[in-house]
Amino acid sequence: MNDSTERRNNALHPSLAILAPHLDPGERILASFRLDLDPSRAFREGIVALTERRLIAMDDLAARTGFRAWPLEAVTGLTATDRGGLGTLEALGADGLLGRWHYTLGRAKGVASVLDVFAGLRAERQVPSATAGQEADLEVPETVQPEEPPRVGTLFRLLRFARPHLAWLALGLCLTLTSTAAGLIPPLLTWPLVDDIFAPYQEQVKIARDDPTIGEVAREARLESLREKAHEPFAMVPWYLLGMIGSGLAAWGLGWGQGWVLARLSERISADLRNTTYAHVHSLSLDYFSAKRTGDLVTRISTDSDRICYFLSDTLTDFTADALMIVGIAAMLFYMDPLLAAATLCTFPGVAWLTYTTRTRLSEGFARGYRAWDEMTSILSDTIPGVRVVKAFAQERREVERFKASNDRIVAANDRVNRVWTFFWPMVAMLNQMGLVVAWAFGAWRVFDQVITVGVLTAFLAYIARFYGRLESMTRMAGSTQRAAASAQRIFEVLDRAPSVAEPANPVSPGRLKGEVELRNVGFRFGNRRILDDVSITIRPGEMVGVVGPTGAGKTTLLNLICRFYDVTDGSILVDGKDIRSFPTLEYRRNIGIVLQDPFLFYGTIAENIAYGRPAASHDEIIAAARAARAHEFILQLPDGYDSIVGERGQTLSGGERQRISIARALLIDPRLLILDEATSSVDTQTEIQIQEALDNLVRGRTTLAIAHRLSTLRNADRIVVLDGGRIVETGSHEQLIAADGLYRSLYEAQSRHEMEHPGEGAPVEPLPPQALLRAEPSRKESP
Amino acid sequence: MTTDLTSGDAAALALHVDAFGRMVMALPGAAPVVNVVPVRCFPFTSPTQRVSLCDPQGHEVACITDLADLDPGVRSLLEQELSRREFVPTIRRILDISQGSEPTAWHVETDRGEVRFVLTSEDHVRRLGLNGVLISDAEGVRYRVLDTRALDPQGKKLLKRYL
Ligand SMILES: Nc1ncnc2c1ncn2[C@@H]1O[C@H](COP(=O)(O)OP(=O)(O)O)[C@@H](O)[C@H]1O
Ligand SMILES: [Mg+2]
């Protein structure tokens with residue numbers, strides 16, 4: 001093994017040759033480790049190597065300086081440590097530190113071979129040695145997005161968001177109108193061009209050419225004189241052309257302005273829409289969130305508002321311009337020749353009817369497509385965060401199949417829409433072509449009848465082509481209009497939702513509460529399912545009450561009611577003698593500290609997370625809270641201390657650590673009312689003892705309601721309430737409840753039995769005596 | 001439990017490094033504690049306040065509220081020891097960042113010399129305060145940009161896509 005290490009190293013690092021002059025005759029390098037930092041931790045290549053006799057090192061390979069060597073007998077230990085990306089290798093001798101080298105963790109793998117070889121050499125000489133290592137962790141991000149059915153009328157509700165921008169809206173419409181008008185001018189100019197200039201001239205030319213009474217020479221002279229006379233009317237041609245260029249330029253400039261104004265406007269409207277929706281979502285009570293998938297809400301606020309923005313800035317603008325154009329052209333046509341206009345527009349009702357019926361078919365199709373899309377994204381938002389479970393149960397293939405199946409449903413649904421859609425607009429194009437033929441036919445007849453001139457027909461045909469072009473583009477917008485309508489509906493669905501925890505009409509400021517809690521005949525239902533029934537209890541300020549009961553008994557629901565995440569269905573909850581529904585929710589909750597079973601930490605630094613409830617807290621206050629929560633010391637072990645980012649790679653916190661941070665977070669707001677929902681059930685006994693200690697700090701002097709799965713956690717409770725099936729079945733201290741021989745006793749005995757059969761797995765059986773806690777937490781009173 | 005060393009206590013704190021390179025802490029009227037490790041609680045947001053001294057097991061022995069309260073000699077020793085444990089090179093110039101998708105290869109000039117590193121995800125570029133930036137490379141080495149405004153125009157342009 002040593003031989004292969006040597007061969008590999010020699011092959012990989014020609015730099016070993018640099019060390020050759022320093023080696024004794026016959027001395028071989030067994031292992032080497034390339035450093036990328038020098039002793040002052042500047043980036044510079046160095047090397048540490050082991051031979052069978054010596055530990056040798058060179059600080060700067062490029063300059064070939066800083067060579068040092070120690071006989072192996074002098075090296076008692078070789079240790080590697082790392083922190084925050086910096087690795088340190090230390091060589092210790094009997095009398096102290098021999099050498100210290102640094103490297104970035106990219107090189108850390110190489111150090112192992114040196115440590116291994118060193119350990120091997122040690123073993124040969126029977127001298128002890130030491131090594132160190134590190135771990136890494138993995139986190140998986142989350143992705144989502146879905147959809148639903150439509151109704152174009154919903155789009156009008158967006159006007160509410162346009163109201164603050166009326167001036168811009170007016171400007172935008174004005175520009176649209178003028179640019180449309182400018183676009184209508186060019187065909188109008190072709191009319192006099194043909195009728196007054198080209199047609200009479202061409203006619204005279206034709207007569208002169210075809211006149212059989214005159215000879216060749218006279219004919220030439222006649223044509224020449226016609227040409228002479230035509231100079232005057234033809235002098236007008238450049239002016240007409242200039243008029244066309246001018247109107248083209250005007251239409252371009254005005255269209256640009258219109259586009260910019262309306263894009264600006266729609267960007268603001270959709271931003272307002274997002275802000276309003278997000279603020280509204282935060283005003284909704286907890287049950288809204290429990291019924292809705294997070295991904296769905298995220299899409300509504302982000303994707304749907306963006307789709308509306310696109311609709312407003314692109315589709316709607318084009319639509320308005322097209323509609324104005326169509327009306328303008330129609331007016332123009334009727335002005336030129338009402339009968340011809342009426343005849344050529346005969347296909348228009350057909351197109352309108354076709355558009356209308358197709359739209360209904362389309363919206364059904366889109367709705368189906370959105371539902372299929374919804375299903376696919378819910379698979380995504382389910383399995384991507386749950387990828388650990390998928391992998392653990394080796395279900396990758398099945399998940400891929402499941403995804404494929406729902407994707408197939410999207411394809412099928414969209415195929416149906418596309419069939420309608422692809423049939424629809426070529427059909428419109430065909431009808432328009434028919435209209436054009438009708439215009440030619442009817443026009444020919446009108447010219448024959450001497451009712452209109454060729455000039456009028458030319459202009460007319462130019463307009464009609466434009467008309468049908470616009471009509472076609474308008475019908476093509478049906479799709480994106482339907483989509484926008486669907487999005488608007490989804491957003492308004494959120495906005496229409498009234499907060500189920502209503503703010504009081506005559507709010508009473510709670511101020512800083514004393515913490516007396518009284519539940520009076522509280523009942524609560526989810527839908528028609530009764531969760532809590534006639535719960536009455538009075539809790540004195542500063543008292544600690546434990547809540548126990550089988551799962552599903554309604555414990556969490558009870559605490560949620562006290563926090564006012566939901567409102568009671570029957571009875572009332574009074575704090576300091578006042579109904580909590582009379583307090584403004586925010587002010588009331590400011591008095592409450594909550595620690596949940598699976599604490600949620602936000603992306604941000606540890607310090608920011610601890611200070612979440614009181615962002616202005618000083619560093620000293622944050623440290624004090626962390627110390628009380630027994631979180632201070634593990635935080636110090638993180639590379640950036642309190643400035644470490646939660647959730648960043650390698651800094652994933654364990655359940656117990658998150659728990660303690662959430663306790664510090666609750667402590668920092670100094671709550672009057674403390675709510676603990678199974679705050680320790682997901683951690684091991686050792687960590688539980690630490691958390692328990694932290695909690696004891698937290699509980700002191702506050703009214704506390706604690707749900708605990710492990711009954712031992714409630715050893716400090718003044719009173720224990722036993723819930724079963726939504727009713728209070730027993731109340732009393734631990735001893736009283738044991739003596740009462742009821743549900744509590746059977747829960748307690750079941751836990752004790754389990755503990756006896758599986759020692760060291762669950763909670764400690766007996767409430768821990770105070771001495772046990774002292775032993776568990778090593779005393780460190782080294783300093784006064 | 002642990003002692004917060006405010007002005008008077010902090011001035012009385014004595015530190016030295018023994019032959020094994022371990023830091024020894026002594027306070028009047030208490031046994032010296034061998035092998036303490038200094039740790040900044042807030043290395044970025046408040047580096048000179050709240051420096052904690054921990055034993056090798058990670059238990060806090062004392063916490064210095066403000067380095068300014070220390071005896072100047074003790075302070076310089078402590079700062080030296082802190083800087084030895086902290087390795088966050090400061091980027092002075094960004095020479096190149098590879099184009100295209102992640103991971104990207106960076107070539108920068110730091111206060112500790114030129115170096116190339118790999119950034120696996122733009123999530124590892126994080127703002128520090130108003131103008132500072134902290135970049136964690138694929139190996140977990142962190143690099144700092146103290147003030148993005150002080151970078152040359154090319155560096156600013158390269159970094160902009162990550163902020
Ligand atoms: N948002 C909800 N919608 C409908 N039922 C719910 C909801 N939350 C909880 N429940 C039901 O209420 C009952 C009590 O739940 P909970 O209070 O969480 O019990 P536990 O005592 O285990 O904490 C359970 O049967 C649960 O299914
Ligand atoms: Mg529960």
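**Close-up views of chains A and B in a predicted model**

**Figure 1. Polar contacts between chain A and chain B.** Across the interface of chain A and chain B, 17 residue pairs are in polar contact, both residues of each pair being at pLDDT 80 or more. The model is predicted. On the side of chain A that touches chain B, the elements giving two or more residues are β6 (86-92), β7 (97-104), α19 (619-628) and α20 (632-637) of chain A. Sorted by class, this side of chain A has 17 nonpolar, 14 polar and 15 charged residues.

**Figure 2. Extent of the interface between chain A and chain B.** In the predicted model, contacts link 46 residues of chain A with 49 residues of chain B. About 4100 Å² is buried between the two chains, and 51% of this area is on carbon and sulfur atoms. Four salt bridges are counted between chain A and chain B.

**Figure 3. Arg50(B) and its surroundings.** Strand β6 (residues 49-54) of chain B holds Arg50(B). With a relative accessibility of 6%, Arg50(B) counts as buried. Its side chain forms a salt bridge with that of Asp620(A), at 2.7 Å from N to O. The side chains of Arg50(B) and Asp620(A) are also joined by a polar contact of 2.7 Å. Leaving out residues up to four places away in sequence, Arg50(B) touches residues of chain A, namely Asp620(A), Ile623(A) and Arg627(A), and residues of chain B that include Asp4(B), Val39(B), Phe42(B) and Ile64(B). Cys41(B) and Cys63(B) are also among the residues that Arg50(B) touches.

Figure 4. Asp18(B) and Arg22(B) form a salt bridge in which the closest N and O atoms are 2.9 Å apart. Asp18(B) is buried, at a relative accessible area of 19%, whereas Arg22(B) is partly exposed, at 32%. Elsewhere, Asp620(A), Arg627(A), Asp4(B), Arg50(B) and Glu60(B) are joined into one network by salt bridges that share partners.

Figure 5. Over all chains, the structure holds 42 salt bridges. One of them joins the side chains of Glu45(A) and Arg34(A), with an N to O distance of 2.9 Å. Glu45(A) is in strand β2 (residues 43-51) of chain A and Arg34(A) in strand β1 (residues 29-37) of chain A; the two residues are 11 apart, and the pair links distant parts of the chain. Glu45(A) counts as partly exposed, at 28% relative accessibility.

Figure 6. In the salt bridge of Asp322(A) with Arg470(A), the closest N and O atoms are 2.4 Å apart. Because Asp322(A) lies in helix α9 (residues 294-336) of chain A and Arg470(A) in helix α14 (residues 454-476) of chain A, the pair ties together parts that are 148 residues apart in sequence. Asp322(A) counts as buried, at 3% relative accessibility, whereas Arg470(A) is partly exposed, with a relative accessible area of 27%.

**Figure 7. Cysteines without disulfides.** Zero disulfides are found over all chains of the structure. For Cys41(B), the closest cysteine sulfur is in Cys63(B); the distance between the sulfurs is 4.6 Å, which is too far for a bond, since a disulfide needs two cysteine sulfur atoms within 2.5 Å. Cys41(B) is buried, with a relative accessible area of 0%. In chain A, Cys563(A) also counts as buried, at 1% relative accessibility.

Key
Residues numbered from 1 in each chain as written. Chains lettered and ligands numbered in written order. Predicted model: local features only at pLDDT ≥ 70, side-chain atom pairs only at ≥ 80, totals over all residues. Heavy atoms only, no water. Contact = heavy atoms within 4.5 Å. Buried area = accessible area lost by both parts, 1.4 Å probe. Polar contact = N/O pair within 3.5 Å; in protein donor to acceptor, adjacent residues only side chain to side chain. Helix = DSSP H or I, 4+ residues; strand = E, 2+ residues; numbered from the N terminus. Nonpolar A, V, L, I, M, F, W, Y, C, P; charged D, E, K, R; others polar. Buried < 20%, exposed > 50% of the residue type's maximum accessible area, 1.4 Å probe, protein only.
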